[in-house]
Amino acid sequence: MMPRYFFDTHDGSWEATDENGQCFSGLEAARVEAVRALRDMAWDELERSDVSAMTVRVRDEDGQAVFVATLSLTAEAAGTAR
């Protein structure tokens with residue numbers, strides 16, 4: 001039986017806790033999925049906001065965090081960089 005991993009997401013304004021989880025062959029496969037999810041979140045967020053930090057936290061079946069990926073995104077018009 002493959003282990004189940006839960007993917008909690010947070011983007012600074014909302015947070016979603018994964019109640020169902022997904023089965024993967026192991027932590028490496030879950031890590032790849034977390035990074036893919038983070039990439040998709042960033043793609044969607046670019047259209048709505050100029051500054052954001054997004055996080056995907058992977059928990060195991062015991063509820064322990066086993067992997068965390070955070071992406072900080074800043075988009076600015078030329079000449080307005082801080």
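Modeller: In this predicted model, helices and strands are DSSP runs, a helix having at least four residues and a strand at least two.

Colleague: What pattern does the chain follow, read along the sequence?

Modeller: The order is β-β-β-α-β-β, from 1 helix and 5 strands.

Colleague: Why is Asp8 called buried?

Modeller: Buried means under 20% relative accessible area. Asp8 has 4%, so the residue is buried. Asp8 lies in strand E1, residues 4-10.

Colleague: What makes the pairing of Asp8 with Arg57 a polar contact?

Modeller: A polar contact needs N or O atoms within 3.5 Å, one able to donate a hydrogen and the other to accept it. The side chains of Asp8 and Arg57 are joined at 2.5 Å. The side chain of Asp8 also makes a polar contact with that of Arg59, at 2.6 Å.

Colleague: Which residues does Asp8 touch, leaving out those up to four places away in sequence?

Modeller: Among them are Ala16, Thr17, Asp18, Thr55 and Val56. Arg57 and Arg59 also belong to that list.

Colleague: Why is Tyr5 called buried?

Modeller: The cut-off is under 20%, and Tyr5 has a relative accessible area of 8%, so the residue counts as buried. Tyr5, too, lies in strand E1. Beyond four places in sequence, the contacts of Tyr5 include Phe24, Leu27, Ala30, Val58 and Val66. A polar atom of the Tyr5 side chain lies 3.2 Å from the backbone nitrogen of Leu27.

Colleague: How far from Tyr5 is Glu45?

Modeller: Their C-alpha atoms are separated by 24 Å, and the two residues are 40 apart along the chain.

Colleague: How much of the whole chain counts as buried?

Modeller: Of its 82 residues, 32% do. The chain exposes about 5500 Å², with carbon and sulfur atoms supplying 51% of that area.

Colleague: What span does the C-alpha trace have along its principal axes?

Modeller: About 55 × 20 × 20 Å.

Conventions. Residues numbered from 1 in each chain as written. Predicted model: local features only at pLDDT ≥ 70, side-chain atom pairs only at ≥ 80, totals over all residues. Heavy atoms only, no water. Buried < 20%, exposed > 50% of the residue type's maximum accessible area, 1.4 Å probe, protein only. Areas by Shrake-Rupley, 256 points an atom, 1.4 Å probe, with all protein chains shown as cover. Contact = heavy atoms within 4.5 Å.
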